[in-house]
Number of protein chains: 2
Amino acid sequence: MPTKTVMDIGKSAKILKVLGDKTRLTMLKLIEEQTCCVCEFVEIFQMSQPSISQHLRKLRDADLINEERKGQWVFYSLNQDSEWYPFILPIIDQLPNQQEKLIELEKNGTRITCC
Amino acid sequence: MPTKTVMDIGKSAKILKVLGDKTRLTMLKLIEEQTCCVCEFVEIFQMSQPSISQHLRKLRDADLINEERKGQWVFYSLNQDSEWYPFILPIIDQLPNQQEKLIELEKNGTRITCC
DNA sequence: TAACTATATAACTATTTACTTATATATGCA
DNA sequence: TGCATATATAAGTAAATAGTTATATAGTTA
């Protein structure tokens, strides 16, 4: 863990821009507690798979999330080792819980199919 | 001061989108401690006056800043009564201080001309 | 190996964004 | 009143964004 470094305000703005999208912000809140795979996001957001992948890429390019392949699935989780984790944590913490979206999936049985 | 209300994640994303711009984010950090007028922002950011006004409008539309006319000048300050103030405060607090930009103005004498 | 599932990427398009220039509005002062 | 200064708004434009469809890549299984 590095000591507190000086943050560049331009880079901070770029991070906030990545967070400034409802889909990506909800993704981050969802994976705050547990990992999710791409197909779950597709179900939750009712969006096309490429669109979901592109959002995840922006989050990954910003180093905000971790990607881990397990067999044919790729799971995403919050990158707690990110230089930006302390910056975004108070934001994510203040967001309303989104777990009901996952519970919804379990009701549908959609969560089981891929995880 | 209202009791903690449930925040909508979509509205939160919109607020973050407003913050997700270097100019606007720096503006917020600058007025965290003291008010600034439009002509100061024009000097600081070396941007056209309409461009500055348009950024300020976005911040005002999001209810993040207060506007107060004093004679021919309009001064802007952080809106501490905003519903979103508790949300953005931890963000702004983490940003590097920008006061050197105002000190720069004072050196130029540009700060005196309008304030 | 071939067929299937999950995910990523490429190319394209419609919308949004941040700026520009031109103009309108508001205030101060001679 | 008329002119100057400060700010806001309108209209136009280039670039960025979020989605689309089509295709590529990677792993799984028969």
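Trainee: Which residue of chain A lies over the face of A:Phe75?

Mentor: This is a predicted model, and here we look for a lysine above a ring. Such a charge counts if NZ of Lys is within 6 Å of the ring centre and within 35 degrees of the ring normal. At 5.4 Å from the centre of the A:Phe75 ring, the residue over the face is A:Lys70.

Trainee: How far from the ring centre of B:Phe75 does the charged end of B:Lys70 sit?

Mentor: Turn to chain B for this one. The charged end of B:Lys70 is placed over the B:Phe75 ring, and its separation from the ring centre is 5.4 Å.

Trainee: Which residues does B:Asn66 touch, not counting residues up to four places away in sequence?

Mentor: Start with its place: B:Asn66 belongs to strand β2 of chain B, residues 65–70. With a relative accessible area of 32%, B:Asn66 is partly exposed. Beyond its sequence neighbours, B:Asn66 touches B:Phe75, B:Tyr76, B:Ser77, B:Leu78, B:Asn79 and B:Gln80.

Trainee: Is B:Thr23 buried or exposed?

Mentor: B:Thr23 is part of helix α2 of chain B, which covers residues 22–30. Leaving aside neighbours within four places in sequence, its contacts are B:Phe45, B:Met47 and B:His55. Buried means under 20% relative accessible area. B:Thr23 has 12%, so the residue counts as buried.

Trainee: At what angle do helix α1 and helix α5 of chain B pack?

Mentor: Take α1 as residues 9–19 and α5 as residues 85–94, both in chain B. Their crossing is right-handed. The axes are 11 Å apart, and the angle is about 35°.

Trainee: How many nonpolar residues does the contact of α1(B) with α5(B) have?

Mentor: From α1(B) come B:Ser12, B:Ile15, B:Leu16 and B:Leu19, which meet B:Phe87, B:Ile88 and B:Ile91 of α5(B). Sorted by class, this contact has no charged residues and 1 polar residue, and the nonpolar count is 6.

Trainee: What kind of aromatic pair do B:Trp84 and B:Phe87 form?

Mentor: Over all chains, the structure holds 4 aromatic pairs. B:Trp84 and B:Phe87 have ring centres 5.6 Å apart and planes at 75°, and planes over 60 degrees apart count as edge-to-face. Both residues are buried. The pair B:Trp84 and B:Phe87 is therefore edge-to-face.

Trainee: Where in chain A is A:Gln46, with its positive phi?

Mentor: Most residues other than glycine have a negative phi. A:Gln46 has phi near 50°. A:Gln46 is also exposed, at a relative accessible area of 65%. Its place is the loop between α3 (38–45) and α4 (49–61).

Trainee: What is the relative accessible area of A:Asp63?

Mentor: A:Asp63 likewise has a positive phi, near 65°. This residue is in the loop between α4 and β2 (65–70) of chain A. A:Asp63 is partly exposed, and its relative accessible area is 38%.

Trainee: What percentage of the residues in chain A are buried?

Mentor: Let's step back to the whole chain. Chain A has 7 helices and 3 strands, in the order α-α-β-α-α-β-β-α-α-α from the N terminus. Among its contacts with a separation of 6 or more, 62% join residues 24 or more positions apart. Of the 115 residues in chain A, the buried share is 50%.

Conventions
Residues are numbered from 1 along each chain as its sequence is written. Chains are lettered from A and ligands numbered from 1 in the order in which they are written. This is a predicted model: local features need pLDDT of at least 70, side-chain atom pairs count only at pLDDT 80 or more; totals for chains, interfaces and linings use all residues. Side-chain values use heavy atoms; hydrogens and water are left out. Axes are lines fitted to C-alpha atoms, for helices over the stretch in contact, and angles run from 0 to 180 degrees between N-to-C directions. Helices (H or I, at least four residues) and strands (E, at least two) are DSSP runs, numbered from the N terminus. A crossing is left-handed if the near helix is turned anticlockwise from the far one by less than a right angle, and right-handed if clockwise. Contact means heavy atoms within 4.5 Å. Ala, Val, Leu, Ile, Met, Phe, Trp, Tyr, Cys and Pro count as nonpolar, Asp, Glu, Lys and Arg as charged, and the others, Gly among them, as polar. Rings of Phe, Tyr and Trp (its six-membered ring) pair if their centres lie within 6.5 Å; planes under 30 degrees apart count as stacked, over 60 as edge-to-face and the rest as tilted. Buried means under 20% relative accessible area, exposed over 50%, partly exposed in between (1.4 Å probe, protein chains only).
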